[in-house]
Number of protein chains: 2
Amino acid sequence: MNAVARARPAGAGTDFLQLTPAAAPSRGLTAWLADALRAAVIDGRLAAGAALPATRALAGDLGVSRGVVVEAYQRLSDEGLVSAHHGAGTRVLPRPDTGPPSLPPQPSTARQAGAAPPPATAPPPVSTAPPPVSSLLPGAAQLPQPWRALAELDLSPGVPDLSGFPRAAWLRAERAVLAQASPADLGYGHPDGSPWLRRELAGWLARTRGLRAGADDIIIVAGVAQGLALLAQVLGHQWPGTRPRAAVEDPGSRGARDQLAYWGLEPVPVPVDEHGLEVSGLDSSGAVAALLTPAHQFPTGSVLAPQRRRDLLGWATASGALVIEDDYDAEYRYDRAPVPALQASAPHQVAYLGSTSKTLIPGLRLGWLVPPARLRAPLLAAKHAADLGNPALPQLVLAQLIQTGELARHIRLARARQRERRDALLAALSEHLPQARVQGVAAGLHLLITFPDQARSGQSRRPGDADLAHQIQLAGVAVHPLSLHQLSPGPPGLVLGYAAHPPGQLREAARRIGAAAAAWLAPG
Amino acid sequence: MNAVARARPAGAGTDFLQLTPAAAPSRGLTAWLADALRAAVIDGRLAAGAALPATRALAGDLGVSRGVVVEAYQRLSDEGLVSAHHGAGTRVLPRPDTGPPSLPPQPSTARQAGAAPPPATAPPPVSTAPPPVSSLLPGAAQLPQPWRALAELDLSPGVPDLSGFPRAAWLRAERAVLAQASPADLGYGHPDGSPWLRRELAGWLARTRGLRAGADDIIIVAGVAQGLALLAQVLGHQWPGTRPRAAVEDPGSRGARDQLAYWGLEPVPVPVDEHGLEVSGLDSSGAVAALLTPAHQFPTGSVLAPQRRRDLLGWATASGALVIEDDYDAEYRYDRAPVPALQASAPHQVAYLGSTSKTLIPGLRLGWLVPPARLRAPLLAAKHAADLGNPALPQLVLAQLIQTGELARHIRLARARQRERRDALLAALSEHLPQARVQGVAAGLHLLITFPDQARSGQSRRPGDADLAHQIQLAGVAVHPLSLHQLSPGPPGLVLGYAAHPPGQLREAARRIGAAAAAWLAPG
């Protein structure tokens, strides 16, 4: 007799949820229960104000441990879907209407709260200088190339552990793919990508990030950079002759900001604090889109707080704006499961972006875009006009790696290795640089450390963090000054990528950073 | 004692050319001699009007067979660099000034001869319909998908022999690459592509197509489609707020035309005859660029005649316009060496495009763009903003295939196989469809056949070739009607791709095409 068939009523009555733990896949009861409850909240079976059953009661009802239920409730709370109060139990929160908009957003609506951007009849100015040898993605190297070339230890954020690429597994998968692929698989494909990869990814993204997307909702793109380019093009076409505004995190990825600007959007900085983007700043931004990194903000490492998630989606619904979710490193969370993607709560408001750049290598140039349904057709037209579609073979190899479980295995190993590196760097920093404050949650492939704005008492003209980064560079270590990713003045800091070096090298890097910082912090 | 050291004077004196047959690489004396003479014409050592030595004299001088010299002269004549007249010998033709323009072309100059295009302040309209499941490249499938799905024999042009992809060689090369590549090879690269591949390609393109380009002149792109997109973007930025005109061949690739239009250029059709593009039509086109397929025009199969090549470059120099050379299938010439690329004669006027789509598979999405030096920086900025750069591994694998000679070996085999298929289809067409006229030279992966405009005597309302293609489709064979690639009315015809089927299947296809055409041609 399973949980559903039992006659005994659960606290708030959950039979209608058809919860059957036996149906939970092997990946775990907690994720299964959280997914089922989230789906019920989103489709209205659990209405606003409804009380969830007491954790003990539901656990008994389902025949699972109470910890499973507690953790599932916590996940929904992190997502801003429910709230728990002592005495009042856990209740479903009222939700902003996140259905599909009946009309495309109008610029007058989207902008009325802020100053209208100046109309721009000319295409965006294009630099004729060679582009920087760097990535556009969060955390990617943005320093001038000579700096990097000089550095013995490269702690630039954004580049994963390239030496950890599973070459043997990749080659095995490619051999299998070449043995199975039909000739038609090798020809001109559809611009949305390999159907097999999209099927595998739909399952992967549902399991790992809670995404609500089928294979036909996914567009395979050449990395997050191309995804941003396509979205910017489509937004630009919606407001011809203007330069629509896009809110960006400040501090935030310098490269992503430059990318939006190249494609004709005007980046508008919105501050970030320890709870992520200060969503209230969007109201006066006049933005038609907001780009953010909710699961692990770059570079501060904060997680978008539950209420902020709710407010963000409320803003998007009210203004008709698009939320662009750059989920660049969610595979690396060390203390608990990462908060599910925003897209899981609001597929009509969110365009989700992810890639293999942090889990495998950036050189694959392989990512995915999951847009709201209304944007799919123009995005496919843009992808087709860009390059007809992504290369076939790497798509098939990735599908094979997902299907065989090799990708999951690789990420487990990489996560354990990266956690060890993070711990080593943290320990060494606390020894060699006790003045610095480490920001953010235990996640990702980089750390942000900040310094008090006036650490040198009585000194009002301390050089900026770019100067500190330069001094560190002279000691053979490449790092990013926080100011590289800031649009407005803020506290000085350093962004340190730890992915590429074993613990011993990270300790040595921390020693050199500490020495340089001590001189920089010392009263002049 | 080598040729140069000999005291005996050659007809016009060639010692200054430093011709040393011993320096000729193994690929053949003819190519070596043609290259050396071409270089001398282009750099001015052989001035306009200068007589080349008599073929017999130069052959004796160099110690090579006379056939080598005759063939080398013929190549230069095909390129429009020299002309041979009975009695007058072979003389260097005056050349349009094809040095780098001192000023960027001005729209007023470029357009003064034609009606000015209407200014367009809005971005080009973007279709919100899903893009066709097809390629943008010459000869690629453009028919509605249902037609293709129904066809038992697919003779749509543009797709190579997908089953001939050298899977084992590719996997071997990838294994070698994965064993050698450094971690840095797998990270974010430079937007112009792998230095190793660019070095290998520079040599390959010089050997096979006569290109004058070093590794640093090449940009690796995601196929010719992306190359066109990047060029169109840069041209659009040069004339902000307008819709610059681009001359295209008529008939010509439907997909390439659509691609230019998507990116904001206005395609202007210029007629094609048996000598290629009617270059005189450019003068009144108002075009700032001309896109053409000089080595093997799509779909007519003609080769751009020597005088036309000269006139084209003269037009480009006088108007400041850019020539875009789509060298899509030059590897497949069956009767003789293909005419060298236009770029070899005028690197400052020509942007050269090629890819692996016809030699390997379209699914690689791997090509190259060799632009004039002045366009390199903005093109790199556009490539960076599009996708940061091409995927790393396939670039390294292609470099390995070139370096080991595997690519050359594969193309030799494919060329022999394709020639056999072409011959089989030609023979079967002459048996089953004697009314049709086969157009073009012995090259490529497709045939164009045309019918007299009024084959049915006394009938003035014969259905168009789209109707014929539909009847053929009903018999289980997919072909393209010529009208699919025409902008202006022309004779009815069919474009038949023979790459994907062995001779027996091609004979069967010809039988069915002949039966359908007989009914279509018969008096109603």
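In chain B, helix α6 (residues 167-180) packs against helix α12 (residues 392-403) at an angle of about 110°, and their axes lie 9 Å apart. Axes here are lines fitted to C-alpha atoms, for helices over the stretch in contact, with angles running from 0 to 180 degrees between N-to-C directions, while helices are DSSP runs of H or I with at least four residues, numbered from the N terminus. α6(B) and α12(B) are therefore roughly perpendicular to each other (65 to 115 degrees). On the α6(B) side the contact (heavy atoms within 4.5 Å) involves residues including Trp170(B), Val177(B) and Leu178(B), which meet residues of α12(B), among them Leu393(B), Pro394(B) and Val397(B). By class, this contact of α6(B) with α12(B) comprises 11 nonpolar, 2 polar and 1 charged residues, where Ala, Val, Leu, Ile, Met, Phe, Trp, Tyr, Cys and Pro count as nonpolar, Asp, Glu, Lys and Arg as charged, and the others, Gly among them, as polar.

The model is predicted, so local features need pLDDT of at least 70 and side-chain atom pairs pLDDT 80 or more, whereas totals for chains, interfaces and linings use all residues. Residues are numbered from 1 along each chain as its sequence is written, chains are lettered from A and ligands numbered from 1 in the order written, and side-chain values use heavy atoms, without hydrogens and water.

In chain A, helix α2 (residues 55-62) and helix α3 (residues 66-78) pack at an angle of about 125°, with axes 8 Å apart. Thr55(A), Arg56(A), Leu58(A) and Ala59(A) of α2(A) make the contact with Arg66(A), Val69(A), Val70(A) and Tyr73(A) of α3(A).

Note on methods: Helices (H or I, at least four residues) and strands (E, at least two) are DSSP runs, numbered from the N terminus. Angles under 35 degrees count as roughly parallel, over 145 as roughly antiparallel, 65 to 115 as roughly perpendicular and the rest as oblique.
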